[in-house]
Amino acid sequence: MPKALALLSGGLDSALAAALILEQGIPVHGLTMVSLFTASRAEGGHLLAAIASARQLGVPITVINWSRPMLEILKNPQHGFGSNMNPCIDCRLAVLLQAKDWAPKLGCDFVVTGEVLGERPMSQRRQPMDMIQKRSGLGPLLLRPLSAQLLEPTLPETNGWVDRGRLLGIQGRCRKPQMELARRLNVTAFTTPAGGCLLTDPCFSSRLADLLRHDPAATLNDAHLLKVGRHLRLSPTQRLIVGRNDRENRVILSFARPGDTLIDAVGFPGPTTLLRGPADPAALGLAAAITARYGKASRQSKAAMSWRTVGGGSGVVSVTPALDADIQPLQITSELGRPRTS
């Protein structure tokens, strides 16, 4: 019997698509792609939701971490960005290319996705969907059960593996048909719609755009730090990340690398700050003053701040805590100023 590889995101659409195939007695193997960019705002939410979905459906699941390939896509998406830093078409194409490679490894004969015609303005219009299907190399082996009756018949349908009459013709952004189908199929393990991709979040997108604009060779280490702290741009080569709580302080420490400078208040609780870039005296003094502003040392007219460069020197500087009016122009705002794409 033919076997389907179903892309499971943890969302409702992908779970329903897999359930429709299972309903016809066809074996399904789940595949989920996780990255630091596509994780939901709750750490690990995307992965846990996909695993919960597979468990409820009763199917095995394979998990692929593709943070590194996704970062390379973000540096130069061929089809550009959506409203924020979401390269939806390039992302979808890359996911399907991965599915094409994994399908034979997992003994699968065709690929199933939860895409709905017209649901997403960038990647789920008819023209990009057709283009993505062709360029993925899957061609007629790509089945979209929720909108199948609005699309050209695929090989699983024409070969009789799948009964096209039992597939659906959903289109548009209204979720009512999916919710009714979920009740009929008893599908309950899924995340809320639009609950996930960090690349659609204006704040995260602004930080990412600033990073790639000033450092086109940015690494995953740089990208991980975008998820925590307050972010300030001191100069084209100097970036400041200020922890907002103890958890963020620990995360910042864990990603510090040789050449980074870490700053803390002496004798007062407060943030850990990471200065990435040259720690010249002016930048060090400004970073220390900003760090003092966000901790208990802000109550002092002068505050002693310790600094140490990873793999380098250390010391203490005395500073006046920075004023909000001095900090505000340095903050990375929601104005994207995205890097150029070709």
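Gln 149 is partly exposed, with a relative accessible area of 40%, where partly exposed covers the range between buried (under 20% relative accessible area) and exposed (over 50%), computed with a 1.4 Å probe on protein chains only. The model is predicted, so that local features need pLDDT of at least 70 and side-chain atom pairs count only at pLDDT 80 or more, whereas totals for chains, interfaces and linings use all residues. Residues are numbered from 1 along each chain as its sequence is written, and side-chain values use heavy atoms, with hydrogens and water left out.

**Gln 149 and its surroundings**
- Gln 149 lies in the loop between strand E5 (142–143) and H6, helices (H or I, at least four residues) and strands (E, at least two) being DSSP runs numbered from the N terminus.
- Setting aside residues up to four places away in sequence, Gln 149 touches Arg 164, Gly 165, Leu 167, Leu 168 and Gly 169, a contact being heavy atoms within 4.5 Å.
- A polar atom of the Gln 149 side chain lies 3.3 Å from the backbone oxygen of Arg 164; a polar contact is a pair of N or O atoms within 3.5 Å, of which, within protein, one must be able to donate a hydrogen and the other to accept it, and residues adjacent in sequence count only if both atoms are side-chain atoms.
- Gln 149 and Asp 13 are 136 residues apart in sequence, and their C-alpha atoms are 16 Å apart in space.

**Glu 157 in H6**
- Glu 157 belongs to helix H6 (residues 155–158) and counts as buried at 9% relative accessibility.
- The side chain of Glu 157 makes a polar contact of 2.6 Å with the side chain of Thr 154.
- Neighbours within four places in sequence aside, Glu 157 is in contact with Leu 143, Ala 148, Glu 152, Val 162, Arg 164 and Leu 167.

**Thr 200 and helix H8**
- Thr 200 lies in the loop between helix H7 (176–185) and helix H8 (202–214), and is partly exposed with a relative accessible area of 37%.
- Beyond residues up to four places away in sequence, Thr 200 touches Asn 84, Asn 86 and Ser 205.
- Asp 201 caps the N-terminal end of H8, with a side-chain oxygen 3.1 Å from the backbone nitrogen of Cys 203.
- The buried residues of H8 include Phe 204, Arg 207, Asp 210 and Leu 212, and what covers the buried residues of this helix includes helix H3 (67–75), helix H9 (220–225), strand E6 (230–235) and strand E7 (238–242).

**Packing of H1 and H7**
- Helix H1 (residues 12–23) and H7 pack at an angle of about 45 degrees with their axes 10 Å apart, which makes H1 oblique to H7.
- The contact involves, among others, Leu 12, Leu 16 and Leu 20 of H1 and Met 179, Leu 181 and Leu 185 of H7.

**Asn 249 in H10**
- Asn 249 lies in helix H10 (residues 246–255) and is buried, with a relative accessible area of 10%.
- Apart from neighbours within four places in sequence, Asn 249 is in contact with Gly 243, Gly 270, Pro 271 and Thr 272.

**The chain as a whole**
- The protein chain contains twelve helices and eleven strands, and 51% of its 342 residues count as buried.
- Taken along the principal axes, the C-alpha atoms of the protein chain fill a box of roughly 75 × 40 × 35 Å.

Notes: Axes are lines fitted to C-alpha atoms, for helices over the stretch in contact, and angles run from 0 to 180 degrees between N-to-C directions. Angles under 35 degrees count as roughly parallel, over 145 as roughly antiparallel, 65 to 115 as roughly perpendicular and the rest as oblique.
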